[in-house]
Amino acid sequence: LDVSALHGLSRRQLPFGQLTPQELSAVYFHLRGNVDIFKPEICVLTPRAIRSILAKAEVIQIHVDRKGNQPQELSRSRAPQALADIKKGGHYLYVNSRISEYMTVVLEGRIRITAGRDGFVSEAGKWAVFCPEVFQGIAWDAKGRKLQEPPAFKPDFSARVISNARVMRMSRQQFMEAMRQSKKEKETKDAVIEIGDDAEDDDRKATLLAELAAPSEALESKTPDSLEAKTELTKPV
């Protein structure tokens, strides 16, 4: 993926709370090419549904005090409750053993990861993907009517923002919404195929085709020509 098209965007051009059209396309191709649960051969979501949830995903800006007034790393002497999530004004994307429903994609900035009993420390930057596992195990019941959720997800590491950053978060509920959208799309396509060339159902077929052709809610973006899929992007953490 050639992300050079994103480098020219100044902070004033970056909207708070949502992906730019260029970012949306870049994140889409990154997920499709590098994150297992979104790869075409196994993904349960349609491309349209993925783009739709990316358009709705929240983007959060985190400002880090460069004067050194930063939170301490997670330690045995510090209760997890004292480590504030970024949505509460803190610097933590994840805290070891604290429930989270979010997958995170780093758009800008640096993240410090602390893992294991020995507190092994590593860092990740732009295009790092954290915790796509929150979506694993979500499936339709035997009758295909209700989505079943796996147990709550708890990361086995902590991840803290250590420089000014922008991150995109996608929730488990948003992923489930996309699964419902994908199911509806498939059912509509199946209905069109079933109708076939039956002239008596032309009106119904036209209505179904119009549903498939209509833009998804909150989504109508085009992929810039400069954004092409490649393989050099950061693998999921």
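In what order do the 4 strands of the open sheet that contains β1 and β10 lie? The order is β1-β10-β3-β6, and the pairing is antiparallel. The model is a predicted one: local features require pLDDT of at least 70, side-chain atom pairs count only at pLDDT 80 or more, and totals for chains, interfaces and linings use all residues. Residues are numbered from 1 along each chain as its sequence is written, and side-chain values use heavy atoms, with hydrogens and water left out.

Strands (E, at least two residues) and helices (H or I, at least four) are DSSP runs, numbered from the N terminus. Two strands pair if DSSP finds at least two bridges between them. In the sheet β1-β10-β3-β6, the edge strands are β1 (58-62) and β6, each pairing on one side only. Strands β1 and β10 (residues 165-171) run antiparallel and are joined by 5 bridges. Ile 60 has Val 167 in β10 as its bridge partner. Helix α2 packs on this sheet and touches β3 (102-108), β6 and β10. Contact here means heavy atoms within 4.5 Å. The direction of α2 makes about 125° with that of β3. Axes are lines fitted to C-alpha atoms, for helices over the stretch in contact, and angles run from 0 to 180 degrees between N-to-C directions.

Helix α2 (residues 21-34) has 14 residues. From its first C-alpha to its last, α2 reaches 20 Å, close to the 20 Å expected at 1.5 Å a residue. The expected span is 1.5 Å times one less than the number of residues. Of the 14 residues of α2, 10 are buried, so the helix is largely enclosed by the rest of the structure. Buried means under 20% relative accessible area, exposed over 50%, and partly exposed in between (1.4 Å probe, protein chains only). The buried residues of α2 include Leu 24, Val 27, Tyr 28, Leu 31 and Arg 32.

A further open sheet of 4 strands has the order β2-β9-β4-β5, with antiparallel pairing. Its edge strands are β2 (92-94) and β5 (120-124), and each pairs on one side only. Neighbouring strands of this sheet are turned by 25° against each other on average, direction ignored. β2 pairs with β9 (residues 157-161) in the antiparallel sense over 2 bridges. Tyr 92 has Arg 160 in β9 as its bridge partner. Strand β4 (residues 111-115) is joined to β5 by 5 bridges, and the two run antiparallel. Arg 112 is bridged to Glu 123 in β5. β4 and β5 form a hairpin with 4 residues between them. Gly 116, in the turn, has a positive phi of about 80°.

Aromatic contacts come next. The whole structure holds 7 aromatic pairs. Rings of Phe, Tyr and Trp (its six-membered ring) pair if their centres lie within 6.5 Å; planes under 30 degrees apart count as stacked, over 60 as edge-to-face and the rest as tilted. The ring centres of Tyr 94 and Phe 130 are 6.2 Å apart and their planes are at 40°, so this pair is tilted. The pair links distant parts of the chain, with Tyr 94 in β2 and Phe 130 in β6 (residues 129-130), 36 residues apart. Tyr 94 is buried at 2% relative accessibility, and Phe 130 is buried at 0%. Phe 38, Phe 135 and Phe 175 form one aromatic cluster.

Charges also sit over rings. The criterion is NZ of Lys or CZ of Arg within 6 Å of the ring centre and within 35 degrees of the ring normal. The charged end of Arg 169 sits over the ring of Tyr 102, 4.7 Å from its centre. Lys 183 lies over the face of Trp 140, at 5.2 Å from the ring centre.
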